[in-house]
Amino acid sequence: MTHQLLIYNTLTRNKEVFKPLIPGRVGMYVCGPTVYGDPHLGHARPAITFDILFRYLRHLGYKVRYVRNITDVGHLEHDADEGEDKIEKKARLEQLEPMEIAEYYTLRYHHAMEALNVLPPSIEPHATGHIIEQIQLVKEILNNGFAYESNGSVYFDVERYNQKYHYGKLSGRNLEDVINHSRDLAGTEEKHNQVDFALWKKAQPQHIMRWPSPWSDGFPGWHCECTAMGRKYLGAHFDIHGGGMDLIFPHHECEIAQAVASQGSEMVHYWMHNNMITINGQKMGKSLGNFITLEQFFTGQHPQLTQAYSPMTIRFFILQAHYRSTVDFSNEALQASRRGMERLFDAIRQLDHIQAQADGKITEAYAQEVEQKCYEAMDDDLNTPIVISHLFDACHTVNQLVNHQLTITPQGLQALTQIFHTFVFDLLGMKAEESGSNQREQAYSQAIDLLLDIRSQAKSNKDWATSDKIRDALTQIGFEVKDTKDGATWKLNR
Ligand code: ZN
């Protein structure tokens with residue numbers, strides 16, 4: 001089957017047929033983490049979204065060079081452009097070298113990504129390892145007249161740029177909107193205009209992370225690194241640039257301006273952005289008390305979590321929404337996801353035990369139909385929730401085969417097994433979680449779920465005696481069972 005992969009391009013606001021600049025090869029760049037804190041859900045979503053794209057492009061036969069950076073300098077506290085460097089601040093508070101902070105949290109990030117079965121990128125460049133390239137970029141922008149030096153710092157001249165090009169094309173703004181929405185900050189009198197952004201910052205005397213440059217001992221502005229490193233590893237023009245929607249403005253808008261101001265043309269062909277995550281309908285934030293790290297999800301150690309959720313539960317939950325939709329995390333939704341994921345894994349296990357029959361009713365044609373529907377969904381801007389729903393339909397068929405309500409030919413069985421493996425393991429990137437405590441944890445969760453299923457059946461049969469008996473017994477053991485509109489949830493009171 002031939003594939004026509006459609007991807008939504010944020011720049012044109014259209015789904016477009018993906019066509020790489022060089023046939024058979026794809027260059028993609030995704031903004032990676034700023035490494036000054038533990039990885040959380042906000043890190044999981046872009047990593048998983050672009051992992052799906054990476055896996056699928058490779059599956060379609062492309063040679064993909066995937067660059068995902070590590071921001072270890074230059075990301076300042078306010079609008080990324082003012083205030084203290086996030087990593088340096090953390091280092092000061094913990095009395096460590098900034099590089100100790102960056103190293104520690106980079107390792108934590110890698111560990112979490114591995115648990116989520118996110119494939120490592122082809123290249124993972126660090127901003128601090130590319131200061132020379134960033135200085136070169138700033139020089140080019142200055143030479144072309146789109147930046148100015150002020151007191152040892154260099155700023156991008158947004159107004160000047162906007163006279164010739166459109167600043168705001170990615171986020172759909174014009175310069176007046178940006179000016180009206182930019183905050184007045186103290187200490188920014190170095191800038192000619194509030195909307196200008198830093199390309200190079202002169203370091204204050206107490207600032208540790210600093211490098212010599214033609215303008216001052218200082219450090220690059222945050223937006224420089226992605227433009228400089230994208231160009232270094234993927235060339236002056238490359239296919240895909242991705243990240244979370246929160247990066248569209250100002251980060252990616254500034255990246256476009258830097259690319260055009262330095263080389264006269266845009267660098268990126270397709271801009272892709274994943275939507276954001278909410279928790280119980282609220283934005284995630286430290287001040288809201290709902291800031292949950294991935295480790296806290298994996299261990300269940302957070303007041304808002306009623307239990308631990310395995311990395312694959314988190315991954316599956318994220319994939320059950322389209323990457324351009326919001327995702328709302330709640331205990332109920334995660335528990336439902338875990339059950340859904342187990343349904344898929346059960347079906348895959350059961351396929352090994354089904355006896356095929358030469359005159360089976362289900363043939364290869366059925367498997368091909370499932371396969372085609374799944375590919376159509378993937379080709380439609382990576383519509384993973386639709387892929388999953390087709391796989392769930394196939395699970396229903398597997399159950400009927402197990403219960404001898406249907407029969408299948410040997411070729412049909414082989415093809416169906418292959419489809420489950422391709423989509424569940426290779427493309428959705430799920431893996432069975434069977435090691436040690438995880439397995440025990442899962443078996444224990446499944447047993448409680450089973451009891452609650454029996455209880456819900458009893459309730460619908462008005463068999464109150466059984467329903468109460470299960471609830472009372474669980475309460476006595478120490479479980480708290482709560483009935484919600486989506487079914488019962490439980491937690492173990494510690
Ligand atoms: Zn970036």
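Angles under 35 degrees count as roughly parallel, over 145 as roughly antiparallel, 65 to 115 as roughly perpendicular and the rest as oblique. This is a predicted model, where local features need pLDDT of at least 70, side-chain atom pairs count only at pLDDT 80 or more, and totals for chains, interfaces and linings use all residues. Residues are numbered from 1 along each chain as its sequence is written, and side-chain values use heavy atoms, without hydrogens and water.

**Exercise 1.** Work out how helices α12 and α13 are oriented to each other.

Solution. 
- Locate the helices: α12 spans residues 364–379 and α13 residues 384–402. Helices are DSSP runs (H or I, at least four residues), numbered from the N terminus.
- Take the axes, lines fitted to C-alpha atoms over the stretch in contact, with angles from 0 to 180 degrees between N-to-C directions. They come within 7 Å and cross at roughly 165°.
- Apply the cut-offs: α12 and α13 are therefore roughly antiparallel.

**Exercise 2.** Identify what touches H166, and state whether H166 is buried or partly exposed.

Solution. 
- Find contacts (heavy atoms within 4.5 Å). Leaving aside neighbours within four places in sequence, H166 contacts Y161, R173 and N174.
- Check exposure: buried means under 20% relative accessible area, exposed over 50%, partly exposed in between (1.4 Å probe, protein chains only). H166 has a relative accessible area of 39%, so H166 is partly exposed.

Conventions
Helices (H or I, at least four residues) and strands (E, at least two) are DSSP runs, numbered from the N terminus.
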